[in-house]
Amino acid sequence: MSSPEIASLSWGHIKVKGCSSSYKDCKVWPGGSRAWDWRETGTNHSPGVQPADLEEVLKKGIDLLVIGRGMNEALQVPSATLDFVTQKGVDVRVLQTEKAVAEYNKLAGQGAKVGGVFHSTC
């Protein structure tokens with residue numbers, strides 16, 4: 001199963017190829033995607049992305065995870081969260097969201113088992 005391409009990104013909107021709705025923030029993995037609802041884990045810009053935000057994507061059999069920190073990189077990614085990902089044997093890349101989406105799409109286009117979590121505003 002391949003990772004779905006991010007078809008478009010603009011402030012507050014992410015469109016995943018093959019999905020009829022758009023997301024504000026989203027999680028993607030080989031074969032699927034869904035909204036990333038920060039309220040599920042109590043995530044805020046600071047301290048930022050929690051391991052609980054990533055568990056679902058990590059369970060999808062990915063080799064690499066791309067994290068988009070927002071258009072202005074306001075979303076923090078604590079070192080403990082990065083350690084959590086690497087301890088699962090998954091490489092991780094943390095980038096500004098536009099760069100993160102470009103990196104994710106490049107990897108997905110190469111057939112990599114890549115997942116992502118993307119924040120589309122600040």
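Tutor: A residue is called buried when its relative accessible area is under 20%, exposed when that area is over 50%, and partly exposed in between (1.4 Å probe, protein chains only). The structure is a predicted model, in which local features need pLDDT of at least 70, side-chain atom pairs count only at pLDDT 80 or more, and totals for chains, interfaces and linings use all residues. Residues are numbered from 1 along each chain as its sequence is written, and side-chain values use heavy atoms, with hydrogens and water left out.

Student: Is E73 buried, exposed or partly exposed?

Tutor: E73 sits in the loop between β6 and α2. Helices (H or I, at least four residues) and strands (E, at least two) are DSSP runs, numbered from the N terminus. The relative accessibility of E73 is 37%, so this residue counts as partly exposed.

Student: What is the phi of E73?

Tutor: Most residues other than glycine have a negative phi. E73 is not a glycine, yet its phi is positive, near 55°.

Student: Which residues of α2 are buried, and over what arc?

Tutor: In α2 (residues 79-87), the buried residues are T81, F84 and V85. They lie on the same side of α2, because the arc they cover around the axis (taken from the directions from the helix axis to the C-beta atoms) is only 95°.

Student: How far apart are the end C-alpha atoms of α3?

Tutor: The expected span of a helix is 1.5 Å times one less than its number of residues. Helix α3 (residues 97-109) has 13 residues, so it should span 18 Å. The model agrees, with its end C-alpha atoms apart by 18 Å.

Student: Over what arc do the buried residues of α3 lie?

Tutor: T97, A100, V101, E103, Y104, L107 and A108 are buried in α3. They are on the same side of α3, because they cover an arc around the axis of only 165°.

Student: Which exposed residues does the face of α3 turned away from its buried side carry?

Tutor: Elements covering the buried residues of α3 include β1, β4, β6, β7 and β8 (114-119). The face turned away from the buried side carries K99 and G109.

Student: Which side chain makes a polar contact with that of D25?

Tutor: D25 lies in β4 (residues 25-29) and is buried, at 5% relative accessible area. Its contacts (heavy atoms within 4.5 Å) include W36, F118 and H119, not counting residues up to four places away in sequence. A polar contact is a pair of N or O atoms within 3.5 Å; within protein, one must be able to donate a hydrogen and the other to accept it, and residues adjacent in sequence count only if both atoms are side-chain atoms. At 2.8 Å, the partner of D25 is H119.
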